[in-house]
Structures are given as C-alpha cells and as structure tokens.
Amino acid sequence: MTSDQGDLTRHLVNNSPEFMAVLRGPDHVFELANRAYFELVGNRALIGKPFREVLPELEAYGIFEELDEVFRTGVGKMRRTVATSLRLTGEQPPQQLYIETNRIPYFEEDGSVGGVMVYGRDVTDQTLTEQSLRDAQHRSQRTMDQLLMFLNATDEGYYVVDCEGVVTTCNNQFLKMLGFDRHDEIMNRHLHEVIHHTHADGSPYPRSECPIYQTARSGKAAYVPDELFFRRDGSSLAVQYHVYPIWDGKELQGALCIFRDITQRKRDEAALLESAQRSKSLFEQHSDAIFSVDTQGRILSANPSAQKLTGYSESELHQCPAARYFSQNDDQRIRNLFAVAFNHILDDKTLHSLQAALLSKDGKQIEVEVTNVPILVGTQCVGVYLIMRDVTESLQHARSIKHLATHDTLTGLANRALLYERLGHAIDYRRQSLIGLLFLDLNRFKVINDSLGHDKGDLLLQILARRFRAVMREGDTIARLGGDEFVVLVEECQSLQNIVDVVEKIQAAVNESFDLDGHQAHVSTSIGAAVFPRDGQDVGTLMRHADLAMYEAKSQGAPHFRFFNAELNRKAMQRMQAESDLRQALTKQQLILLYQPIVAIPSRNIIGVEALIRWQHPERGILAPTDFIGLAEEIGMIDEIGNWTLLQACRQNRCWQSEGLKPVKIAVNLSVNQLKSPGFAQTLERTLTQTGLEPQWLELEITESVLMQNFQASSAMLDAIRALGVSVSIDDFGTGYSSLSYLQKLPIDTLKIDRSFIDDVTEDTDNAMIVAATITLAHNLGLNVVAEGVTKPEQVSFLTSNHCTVAQGYLFSLPLSANDLHAYLSS
Ligand code: C2E
Ligand code: CA
Ligand code: CA
C-alpha cells in the first residue's frame, strides 16, 4: 500500500459512519479506532490501552468474553446486536441504543491470531422501526383473535357469503344454532344448500328474494325482524337478522349475515300478550266495580261494572277526582286511603279497605266496600285500583243478623247478650249516677199459658213488651231473658227514688188487663232491684243480686218489689252451701232413718213403723226433713234420696224379721217427684226383690196435696203400686181440702189424719166433729184410719170412743234409731 493509498484508507476509515477499531493481543489493546468509534465510546483515551480497562461497563453485555473467544478460536462473530441503555459517551439522554457489532480476527504472518477487528453501526432506528412493525402486526393479530373469540362467544350466529352466495366464513354459534358440527360442513357451499329459511309463518318465498343473497348482490343492507331458519335436522328456530354488504374499496365482496334466535323472546311476548289480555278481561268482566286512579286521584278508566254501579258512563267518570263520587263524610277518608297507597306503600304492602257511601248518578247512596290496590311499576306507585263492591244488601243482612243475635225474637226486646253488653258498657262509662238493674218475673203467667195456650201467652208477652217500650226512657234497656223473665236496665239514676219510679211504671204497665184475642187476662209481677255501685261492681254480681231480690219479692206472695240487701245474699250463700253439702250427704253416709212406732189402741201393741229421714249434718247437727227435703226436690236430688230411703227401710224391716222379731208394716214417705217418676213402680219392685221384703210389709205414704195435684196420673201410679202388693196411705189427711168424694175413687188403704186435727181434738169441737166424721167415712169406705201426733191420753180416749184403733205420736214413742226400735219391738 502506497502512502497515498494509506492516507485514503485512513481517511475513509476515519470518516466511515460505521465504527471501527483494531484490538491487539489477548488483552485486546486498542491499536486503532476511527472517529465513529471514539464518538460511540465517548472520546475516551483508548489507544494503547486494553479494552477491559477503558470500557469496563461493557462487561455487562458479555463483550469481554466474546472478544476472548474470537481471539482464542480465530472465528469471527458477526452482526451481534446489543441493546444498551447508556450511550457510551455518557451523553444524555441515555436513550436505548441498538448497536450491531462484527468482530473478526486478524492473523499474523505465522497464522496465529493477532487480534480482533471490531466494526459495526448504530442500528437503533432500523431496529425500532422493525420492532414497531412487529408490534403492529402482533396487535392486529390479537385484535383479530379477540374479534373471533367475541364472534364465537356471542349469542348471535354470523356467516359471510361472497357475491355468489357461497359461504366463506361462519362462527361457532352459527354451527351450534343450526345443528352443524364442523366449519367445513358449511364452508364453500351455497348458502341455500345449508340454510333453508322461510317467512315467520313457515311459508316459503323464492330464493331470488332472499335478503342475504340480495345484499350480496346489491350492496344494500337489510334487516329482517322475524323469520324461520331451519336446522340441519329439519327443526326450525325463529330468528331476526341483519345483513351487511362487505366492500373492499368500491368493490362488493359479499355480505355478512348476523342472526339471533328469538324463539324465547317470541314466547315471552306471547305470554305477555296473553297475560295482558287476561288482565284486561279480568278488568272488563269483573263483577266488582274497578276504577284505575292516578296519583292525583283522577279516574283514568272504569270497567263496565263501575259504570253500572255509579250510573255514569266511562267518559263522564274520566278525569274527575275519584273522591268526588263519595258522600261528603267519606270524601276525606277516601283521600286518606289514597295517601296511604301513595306514600306508605313501600313499607306497608297490605291492602287497605274501608266502607263508604258512594253517590250514584241518580243521587242514590250506595254502601260500598272500597279496597285499594296500588298499581306498582317497579317499586314506584303510579296509581291505585279502587275496587268497590256494593255491600248494601250484605250490610242489611249483617245488621239483621246482628239484630237477631242481640234481640229476643218473640218480643223484639234486647236479649241476654245485648243486656250484658249494655250493662258492661254502662258500668265502664258510668258517671256519678246510679245504675238500676230490675229483674221481673210475672206471677200467674204459667196459669195463663196452661189455660189459654202458648199462643195467648206469647201474645201477652208481646203486648207487655210494647207497653214497656212505651213507658221507658229511650236510653233504658228492656231485655227478655226467656219465659216470663224480664230485666230492665235503668241508666243514669240520680237517686233510689228514680228506680222506684220506674218500678211503679212497670207495675202499672203489667197490672193493666190484657186483651188476648177476646180473653181478658190479668198478671202481676215481682220485681227485684240491684243498684250499681252499691250492690255490685260487675255484671255477674249485679245480675245475681237483682235475681235474688226478685226471688225474695216473689216469695212474699203478693206482687211485690224488693231492693237487694246483704241479708238476701247471706241467705243465698247459705243455701248454696247447703246445696253442696246435701249433694255429698248421701255419699258421706250422713243420712239416716229413724223409725216411729204405729200402735194399736188401746192395747198399744206395735203394728207398724214409719221411716223418717234425718240428716246428720257435720256442723248443723241433726236436721229434720223439713230442713232439706224441699231443697232436695229443687235441686233434683229427691229421687236419689227417696230411693235410698225406700231401700234402707225395706232392708231394715227385712232385717228385723230375720232377727226373729214380730213382723210389722213399715211406712215410707214418698215425695211428689217420686210419684211422678214413670219408672217408680219398677224401682219399687226391684227394691222388694233386692231386699227380699214381702210387699205386704210395706206401705207408702203420700200426702193428700200431692195426690190432688194430678189426680189421674196419681191414681194410675197408685194402682201400679197396689198391684205389686204394697199398700198406700194418704198422709196429712184433712190439710189438702180434697173433696171427700174423691176418696172412694182412689185406690188406697189407709187415711192418716193430720196432727193439726188431733192436737186440739179434745178442746175444739169443730175439729172433734171433723175427726169423728172422717173416721166414720173411712170405715164406710173400708179404709184403715191412723191418728197422727197423739201426745195426750185424752186424745186416745176420744179416738177409742170414735172407733179409731190405730195411732202414732210421741205419747207412744218418739222416732227411734233402728237399734232402739229393735229393743222396743222385742219388749
Ligand atoms: P209426716 O209424714 O207427717 O211424718 C210425721 C212427722 O210428725 C214426723 O216429723 C214425726 O217426727 C212427727 N211426729 C210424730 N209424732 C208426733 C207428735 O206426737 N207430735 C208432734 N209434734 N210431731 C210428731 P219429721 O220426722 O220431722 O217429718 C216431717 C215430715 O217430713 C214428714 O211428715 C214427712 O212428710 C216428711 N218426711 C220424713 N221422712 C221422709 C222421707 O224419708 N221421705 C220423704 N219424702 N219425706 C219424709
Ligand atoms: Ca208420713
Ligand atoms: Ca203426716
């Protein structure tokens, strides 16, 4: 190389845009570097210095090793691109640089490696351009992928046809919706080979009119709202689809069809339509009047029933405030009803209803039940349905039922339920005044009922009710509790005198005579009164006390009036106690029988005994029958007690006989109830069988007054008794005022002359005559005669001289216990 050539080369090398350097030896000592290299590395002092020393920062890029390798192996490394973030010059900014470097060895004459030549260039711009190109490609690929993913993921099917209608693309959804498995079953086939489609109703149309095909040919987009596509298996699905032309610049490439399965939507629409129609027909046909009302309270629509009810046409009803159709009293209540619906509907979902009076077009008031049903759209109340039912009739019905439930049907007076309600109310709301509660019971009413018949009895009660209503004040309650029992509730009395005044008015009303269809009748009344608060603080107590006072008044016989007092209550309590004691007397074996001898006079030989009952009361001592037989009759215990007495007497008599005593007749007293009891003859027969007592040793005593009460039935019963072989005596004879002529008709054996005649038979000549006559008469009729209550020997003389041979009385013996009588009999 000439020096000129050498200069030229140096010049070229120095000005080359590529950087160049020559590194010598294993330490890569810089022997030469051009300007570009100097600039690249930041104009450092390089020459004569090892690479590692001057460019230590390049170790990080593996350059030292590469240089070592090239030197060691003699094999170059070409086009190695290194990205560095630091310009080696240290200039700012430290832009990312891409440096492409070639490292080739150079050899000494002996063939050994002398060093490494390094050259290369800054490829940053080129690299960045390439990189951004690659990124763009990458991005568009990704977009494509996403698009495909999206198209495959959507519910819509799509496919693309070319201008001839041949399918070039479709998505997975297309395959799924039309029943294909793979894309290649579709691709490159004419659309009409793979997609059969018709009008929504299934009717076909010519292929030439196919909108997809037309778009592919004409370039005009199309929308088809409702058609049928057929799947591969022939089944159909309802679809809607869009068809878009595909252009490449100005050249039509084909068409894209995007379709959607609308089967479910159509079903929903059909269901919606049906439900709307159902609601409409409910509205139209409902027998209740229905108004739809907006939030201003204006009527938006009214069904035919509403028009019928109000008499207004729908157009008349329109736009008027609904509240206007109600009576003034109800106007505000209806508005309130709306307010509830509009304001509180969200927290209160219950229906609201009330009763109101609707005004019809012809001015009639119609009682309606109004129910308020909010019209909700989402959670918002946009109005209400007012549903109204004419309840005029059912209200009347309810009122009459209420009346029936609270009134006595015969008289129309209040019944017990209403009386209690009013009394309770009066007590709760009493002011300073007194409340009088009057119990009244008619005397002699039963006689009228029995003699004139129940019709007349009812008539009397009705007339009386009318009279009561006429004399009582408006606010007072007159109730009939049943039968001939009435109660009058007198409210707001200032004094007891007020109550007495009312009592007098009532008595006057009752005492007036009654014209019962031509029959004149008279009744009177016994009245008892209890006064609140004096005689009781509650309904039950007041009723009971008034009742007690009435009984007290009644027990005095004549028409009478009594105020309740504590003494009555005490008596009533005692009686209640006695009642409960008596119910237990039998089971607690507190009842016993005493036996009073009946003797022959003048021999005084015992020929019979009368069984007389006693109650050994645990507190009150031994009680006589007069103390409890009446009570037993009232509380229905007399049969039980009577049967026990009969059994006990028969058993005792049989016992004495089996103990070897001389047989005597035992007399047992019968109560009126026993005689009336239809099963009595059987009981009697059973008792005899059970005790083994022969009937001839038993006599039943029946008082004269009992016999006379019902002569027919009594004599039938007496026949039955005597048919069993048991004899019968008339007890207390002379007290019942029976006509002596009856005596011969009665099937009896003995007359027992009442004690009251015997008592003063020796002093009172009248009685003496009666007794003598009775004895004669009895004997003439073939009856035995017993004189009761003989206490004095003179009486015995009188009786003996008048041929009465049997007597009973303390003169001979008191009633004795069974043991004492045993002793008496054996003596
Ligand atoms: P009664 O049938 O007239 O019985 C006679 C009553 O006169 C008995 O009174 C007897 O103790 C009494 N008495 C007897 N002799 C004399 C006398 O010399 N002077 C006086 N002052 N009284 C005498 P008791 O036992 O108190 O019986 C009263 C009434 O009770 C009886 O009158 C009878 O009607 C009834 N009675 C008694 N036991 C029974 C019974 O087991 N069943 C029924 N249903 N009534 C009975
Ligand atoms: Ca008797
Ligand atoms: Ca008697």
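Q: Which element supplies the largest share of the lining of the largest pocket?
A: Start with the general idea. Rolling a probe the size of a water molecule over the atoms shows where empty space is left. Now the case here, in a predicted model. Strand β25 gives the largest share of that lining, with five residues. The pocket has a volume of about 1000 Å³.

Q: How many residues line the largest pocket, and which lie nearest its centre?
A: The lining counts 35 residues. Nearest the centre are E610, L612, P625, N669 and D731.

Q: Which elements each supply at least two residues of the lining?
A: There are strands and helices among them. Look for β25 (606–617), β28 and β29 (727–733). Then find α20 (629–634), α21 (638–658) and α27 (755–759).

Q: How do I read a metal site? Which residues coordinate the calcium ion (ligand 2)?
A: Look for the donor atoms around the ion. For the calcium ion (ligand 2) they come from E610 (OE), N669 (OD1), E701 (OE) and D731 (OD). The distances run from 2.1 to 2.3 Å. Along the sequence, the donor residues follow the spacing E-x58-N-x31-E-x29-D. N669 sits in strand β27 (residues 665–669) and E701 in strand β28 (residues 698–703), so this pair ties together parts 32 residues apart in sequence.

Q: How far apart are the calcium ion (ligand 2) and the calcium ion (ligand 3), and which residue bridges them?
A: The two ions lie 4.1 Å apart. D731 is buried because its relative accessibility is 5%.

Q: What should I note about the backbone at D732?
A: Check the phi angle. Most residues other than glycine have a negative phi, and most peptide bonds are trans. D732 has a positive phi, near 50°. D732 belongs to strand β29. With a relative accessible area of 24%, D732 is partly exposed.

Q: Where is R604, and what is its phi?
A: R604 is in the loop between β24 and β25. Its phi is near 65°, also a positive value in a residue other than glycine. R604 is partly exposed, at a relative accessible area of 41%.

Q: Which peptide bonds are cis? Look at F532 to P533 and at I601 and P602.
A: Read omega for each bond. From F532 to P533 the bond is cis, with omega near 5°. P533 lies in the loop between β22 (524–532) and α18 (539–555). I601 and P602 are also joined by a cis bond, with omega about 5°. P602 lies in the loop between β24 (591–600) and β25.

Q: How many salt bridges does a search of the whole structure find?
A: The search finds 39. One of them joins K752 and E701, at 2.4 Å from N to O. K752 is in strand β30 (residues 750–753) and E701 in strand β28, so the pair ties together parts 51 residues apart in sequence. Both K752 and E701 are buried.

Q: What distance separates N and O in the salt bridge of E634 and R575?
A: It is 2.5 Å. This pair links distant parts of the chain, with E634 in helix α20 and R575 in helix α19 (residues 566–585), 59 residues apart. E634 is exposed, at 54% relative accessible area. R575 is partly exposed, at 34%.

Q: Which residues are linked in a network of salt bridges?
A: D181, R182, D184, E185 and R232 form that network. Elsewhere, D535 pairs with R534, with the closest N and O atoms 2.9 Å apart. D535 is buried, at 8% relative accessible area, whereas R534 is partly exposed, at 47%.

Notes: Residues are numbered from 1 along each chain as its sequence is written. Chains are lettered from A and ligands numbered from 1 in the order in which they are written. This is a predicted model: local features need pLDDT of at least 70, side-chain atom pairs count only at pLDDT 80 or more; totals for chains, interfaces and linings use all residues. Side-chain values use heavy atoms; hydrogens and water are left out. Donors are N, O and S atoms within 2.8 Å of the metal (3.2 Å for Na, K and Ca); water is not among the atoms, so sites may look incomplete. Helices (H or I, at least four residues) and strands (E, at least two) are DSSP runs, numbered from the N terminus. On a 1 Å grid over the protein atoms alone, a cavity is a set of points where a 1.4 Å probe fits but cannot get out, and a pocket is an open set with protein on both sides within 12 Å along at least five of seven lines; lining residues have an atom within 4 Å of a point. Grid points are joined across faces, edges and corners, and a volume is the space filled by probe spheres set on the points. Buried means under 20% relative accessible area, exposed over 50%, partly exposed in between (1.4 Å probe, protein chains only). A salt bridge is a side-chain nitrogen of Lys or Arg within 4 Å of a carboxyl oxygen of Asp or Glu.
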